[in-house]
Amino acid sequence: MKPSLSITTLTAALLLAGCQAVNTTSGGSVGVERKQYMFSALSTDEVNQMYAQSYQKTLQEASSQGALDKNSAEAKRLQRVADRLIKQAPLFRPDAAQWQWEVNLIKSPELNANCGPGGKIIFYTGIIDKLNLTDDEIAAVMGHEIAHALREHGREAMSKAYGVNLAKQGAAALLGVSSDQMALADAAVNYGMTLPNSRSNENEADLIGLELAARAGYNPNAAVSLWQKMAKASEGAPPEFMSTHPSSSSRIASLQAAIPKVMPLYQQAKKG
């Protein structure tokens, strides 16, 4: 156990040495205020550019397979929801108004969607069709994914991974540990540091996404019905402590507690 403790300590020291503390978004009504540590050498623009290249490659592959859906009624529906949510994004971070936002639909049975750095959104038809999502539920999914991009959780994870790699290299020399001990240390770092933070990021995305959807005029209660559907579709998922995602019951409870904070925003948006 001593090597894993030393590596965790060394990771924190190296990570803090090369990082700067930032808060990528305003707290909003949901009050997400956690400070984040980013490597100063890894800029927002660099990460956005890297992801944009990967995003275009994904679209090209989908297009070559005839899976990129640009013109269907479902694709247009997705764009309408996105337009309303994107309009609200600068309330959390003003520079998002200058992002080159994109939203694309790919024909695939996957129950998945994402929004990468810089506002690059992908939905897969499987999540819409298999869960029979309403517009409000699509907004709940998309708001959650946009929140990840606004909070720069991808850049944060890259910064953390870089710090872990530096720590492993330094610890192997410092402690003289074997490869087996390093494997145990990897597991300790993974479950003791990386996964809890990932769950924290998921919770942040839930809360910010809830507010984005409410401000755009989508019923925040749809976030609860969405995750009820997801829970039913993903029976047999791993226990929460072994997953980067909160359990469905934990997630739903957190959302239900936050809904009263954003309901006035939804009601105001509906009047407008």
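# Briefing: cores, a central strand and aromatic pairs

Tyr51 is partly exposed, because its relative accessible area is 23%, a value in between the limits of 20% for buried and 50% for exposed. Its chain is seen here as a predicted model. The protein has nine helices and six strands. Of its 272 residues, 46% count as buried.

**Aromatic pairs**

- Two aromatic pairs turn up in a search of the whole structure.
- One of them joins Tyr51 and Tyr55, with ring centres 6.3 Å apart and planes at 40°, so this pair is tilted.
- Both tyrosines belong to helix H2. They sit four residues apart, which is about one turn of the helix.
- Tyr55 counts as buried because its relative accessibility is 1%, and the limit for buried is under 20%.
- Trp99 and Trp101 also form a tilted aromatic pair. Their centres are 5.3 Å apart, with 40° between the planes.
- Trp99 and Trp101 are both buried.

**Nonpolar cores**

- The largest nonpolar core holds 54 residues. Leu85, Trp101, Phe123, Met142 and Ile146 have the most contacts inside it.
- Helix H5, residues 135-150, supplies the largest share of this core, with nine residues.
- Which residues does Ile146 contact, leaving aside neighbours within four places in sequence? They are Leu85, Trp101, Cys115, Ile121 and Leu212.

- Strand E6 covers residues 120-124. The strand is mostly covered, and five of its five residues are buried.
- Lys120, Ile122 and Tyr124 point one way from E6. Ile121 and Phe123 point the other way.
- Strand E4, residues 102-106, runs parallel to E6, and five bridges join the two. Ile106 has Tyr124 as its bridge partner in E6.
- Strand E5, residues 113-116, pairs with E6 in the antiparallel sense over four bridges. Here Gly116 has Lys120 as its bridge partner.
- E5 and E6 form a hairpin, with three residues between them. Gly118 lies in the turn and has a positive phi of about 85°.

**Thr44 in helix H2**

- Thr44 belongs to helix H2, which spans residues 44-64.
- Is Thr44 buried or exposed? Thr44 is buried, because its relative accessible area is 18% and buried means under 20%.
- The side chains of Thr44 and Glu152 are joined by a polar contact of 2.9 Å.
- Not counting residues up to four places away in sequence, Thr44 touches Arg93, Glu152 and Arg155.

**The whole protein**

- Consider contacts between residues at least 6 apart in sequence: 73% of them join residues at least 24 apart.
- The accessible surface comes to about 13300 Å². Carbon and sulfur atoms account for 54% of this surface.

Technical notes: Residues are numbered from 1 along each chain as its sequence is written. This is a predicted model: local features need pLDDT of at least 70, side-chain atom pairs count only at pLDDT 80 or more; totals for chains, interfaces and linings use all residues. Side-chain values use heavy atoms; hydrogens and water are left out. A nonpolar core is a set of buried Ala, Val, Leu, Ile, Met, Phe, Trp, Tyr and Cys residues joined through side-chain atoms within 4.5 Å. Buried means under 20% relative accessible area, exposed over 50%, partly exposed in between (1.4 Å probe, protein chains only). Contact means heavy atoms within 4.5 Å. Two strands pair if DSSP finds at least two bridges between them. A polar contact is a pair of N or O atoms within 3.5 Å; within protein, one must be able to donate a hydrogen and the other to accept it, and residues adjacent in sequence count only if both atoms are side-chain atoms. Accessible areas come from the Shrake-Rupley method with a 1.4 Å probe; for residues, only the protein chains shown count as cover. Rings of Phe, Tyr and Trp (its six-membered ring) pair if their centres lie within 6.5 Å; planes under 30 degrees apart count as stacked, over 60 as edge-to-face and the rest as tilted.
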